[in-house]
Amino acid sequence: MWPGRADALIGQTGWHDDHVEWAFGLVVLVSVAVALAAGARRLGLGEPFVLTIAGVIASYLPFVPEFDIEPELVLLGLLPPLLYTTAIRTSLVDFRPKKTSITLLSVGLVLFTAFAVGAVVYWLLPVPFSAAVAIGAIVAPPDAVAATAVARRVGMPRRIVTLLEGESLFNDATALVTLRTAVAAMAGSVTLWQAGASFIGAAGGGALFGVAAAMILAFLRRRINDPVLDTSVSLLAPWIAYLPAEAVHASGVIAVVTCGLILGHGAPQWQSAASRIAEHTNWRTIAFILESAVFLLIGLQVRHIVEAAWHSDLPHTTLLATCAVVLVTVIVVRPVWVFPATYAAWQIEGRRQGKPKPEWTGPAVVAWAGMRGVVTLAAALLLPADTPELDTLRLLAVVVVGGTLLLQGLSLPWLVRLLRLRGPSRAEDLLQEANLLQQATTAGLKALEENIAPETPPDVVDALRNRVVVRAQSAWELLGRSESQRVTPSGEYRRLRLAMLAAERDTVLRIRDSGLVDQEVLQAVMATLDIEESTIDRVAEADEDDGTPLRVPMPPGACEHLREAPCVRVPDTPEACGECLDEGLVWVHLRMCLECGHVACCDSSPGNHATNHFNNTGHPVMRSVEPGESWRWCYLDELLG
C-alpha cells in the first residue's frame, strides 16, 4: 500500500527522477568541493587552484555529467552573499585611510585593463571594438577569494590584505557596469558621454540603494532581540540591497558592498552579542561552501568552452596566439598601473598624514596578486549570443582565469617569502589583544565603582571585579616566550574547568538517557554548558620566536612617561624575581623598571611584585624582559608603547 501511495504522491507533486538526480548531483558537487578545500587547507595548498584543477580533470571523466552554469545563478545567487560576507568583515576604520588607493585599483585599474585588453583583442580578432572592450571588462577584476586565500596561508602584512579586499569589493561593480555599457554599444550607437553618464549613474545609484537598505535593516535590527530572527534578516540582507538596485539598472554589487560595510560597522550597536556570534558563524560557513563550489564549477566548465572554441572557424594558430597575448597583457598591465598609482595615492593622502614613502615590495605583491575567478567566468556567459567570435571570447576568459590562478596563485607565496614581507605574528596579535582588554577592564572597573549601590552585597562586587581582572590577566599570560614552561593561572583554569565541564556534561547526558527530565529543560542546561565552554580561551601559547623583537609602535597620543622613559640595559638572561625567591613563590613572567632596572614578576604571578614596585616607588614605566619582547607599559596612564 505504501509504495503505491508514495508513487502517487511523487507524481502529484512533480518529483521525478530527473529532480532526484539533480539534487543528488548538487549534493555530490558541494561535498566534493568542501572535501577538496579542506584537504588543500590541511596540505597548505591554494584552495582556488586545487579546486579549479580538480574541476578540469573531472570534466574529462566519462561518468561526470556536464555542468552548465547559468550566469544569473552566479550574479544573483552567488555573488551577493560572497560580497556581503567580505563587506561585513571589512573595517571602515581601515578602509578610510586607503580610499584613494582602493579607488585607483577598483575603478582606475579595471578601466585601464579593460581598454588595454580591448585594444589587443581588437587588433588580433575580427570583432568590433565594443565587443573587444566587453571581454576586457570581463577579465579585468581580480578575485578576492583567490587573493585572500593565499594571504591567509602565507601571512601577508595586513595593510596589503586590506588593500586587496577593498579593491575586490568594488572592482566587480566597475567591471560589470563597463560590460553592460559595452554590450549596449554592441546593440547600437552609444556616445562616450552616454557611457560615462551610465557608469556614474549606476555606481551612484547602487551606493544610494545600499545606504537605504542598510538603514532599513538597522532599524529592524534595533528592535529584534531573537538571534534566530536577526540571523534570518542577515541572510536576506544581500538581496534586499541587490534586487532593488538591479531593478532600476543601478549597480547591485555596489549596493551590496555599501550595505555590508555599514551593517558590519554598526553591528556592535545594533545587534545583541548572541546575534553577532550567530551571524559570524553562519556567514563564514556559507562563504566557505560557496567559494569551494564556485571554483570547482569553474574547472568543470573548461572542457565545454575549450571544445567550442577549438571547433570554431578561427585558425588554431590565431586562437592560441590570442589567448597567450591576452593573458600576458592582463598580467603586465597590473604592475604598470599599480606602481604609479601607489605613489600617487601616497602623494595625495599618505604624505599629508605623515606616512613614509611606500617601499617597492608592497606594490610588487599587490601587482602580482591578480588572480581572476568566478566573476570573470560568469560575466563571460553574459555576452549576447550574436556576439562575433563568442566561443573564442569565452575561451579568453577561461584562459585568463586558469592562467592567473596557475602562474600567480602558485608563485605569490614564494614572492612574499622572497621579499620577506612579514605578516603580524600570533604574539603581536596577543600583545594588542592584551592591551585592548586592559583598557576595557579599566573602563569596566570604573563603571562598577560608579554603579555600586548601598545595598549591593560586597561579595557580588568582589566577584565582578575578580572576573574582569582575571580575563585581562589571562591575555597577558599568553605572552612571554620563556624557555621554562611555567604553569600560568589562566592555563590551569582552562585545564581544570574543561575537565569539570566534561564531567557535568556526562552527568546531564546520563540523566537525559534515564528519561527523568523534560527535553526542554535538558536543552537549556546543555546550552548553558556549551556557551561557557565556547567562552573558555583555548588559544595556544604564542608562536615561536622568529628573531624579531615583539614590540608595538609608539601610539600617536603617547604619554610623556613613555616618550621620556630612560634606556636601561636589559640583561641577556632575565634575572629572577627576588621577592618571589624570598617568599617561596613561582612567577609567571618578568618585568623590569626602566627607572632603576629592578626586575619583578607580573600581575598574573601570585606576588604581583612589579605593580607593588610601582606603588612603592612611583616609577611609571616598566618593560617586558621575556625573550624576544621589547614592549613597554606605563602604569600611570595605562598605555602600551
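T178 touches L111, A137 and F199, leaving aside residues up to four places away in sequence, where a contact means heavy atoms within 4.5 Å. This residue lies in helix 9 (residues 158-187), helices (H or I, at least four residues) and strands (E, at least two) being DSSP runs numbered from the N terminus. T178 counts as buried because its relative accessibility is 8%, and buried means under 20% relative accessible area, exposed over 50% and partly exposed in between, with a 1.4 Å probe and protein chains only. The model is predicted, so that local features need pLDDT of at least 70 and side-chain atom pairs count only at pLDDT 80 or more, while totals for chains, interfaces and linings use all residues. Residues are numbered from 1 along each chain as its sequence is written, and side-chain values use heavy atoms, with hydrogens and water left out.

The largest nonpolar core has 115 residues, and V121, I138 and V365 have the most contacts inside it; such a core is a set of buried Ala, Val, Leu, Ile, Met, Phe, Trp, Tyr and Cys residues joined through side-chain atoms within 4.5 Å. Helix 13 (residues 273-310) supplies the largest share of this core, with 13 residues. I138 touches L179, T376, A379, A380, L383 and A397, again not counting residues up to four places away in sequence.

Helix 13 also meets helix 3 (residues 47-59), and their axes come within 6 Å and cross at roughly 40°, the axes being lines fitted to C-alpha atoms over the stretch in contact, with angles running from 0 to 180 degrees between N-to-C directions. That angle makes helix 3 oblique to helix 13, because angles under 35 degrees count as roughly parallel, over 145 as roughly antiparallel, 65 to 115 as roughly perpendicular and the rest as oblique. Among the residues that make the contact are L51, G55 and A58 of helix 3 and F288, F295 and V302 of helix 13.

In helix 24 (residues 609-617), the buried residues are H609, A610, T611, H613 and F614, and they pack against helix 23 (578-583), strand 1 (590-593) and strand 2 (599-601). Just after helix 24, G618 takes a positive phi of about 80°.

Elsewhere, L464 has its place in helix 19 (residues 458-477) and is partly exposed, with a relative accessible area of 42%. L464 and G444 are 20 residues apart in sequence and 9.6 Å apart in space, C-alpha to C-alpha.
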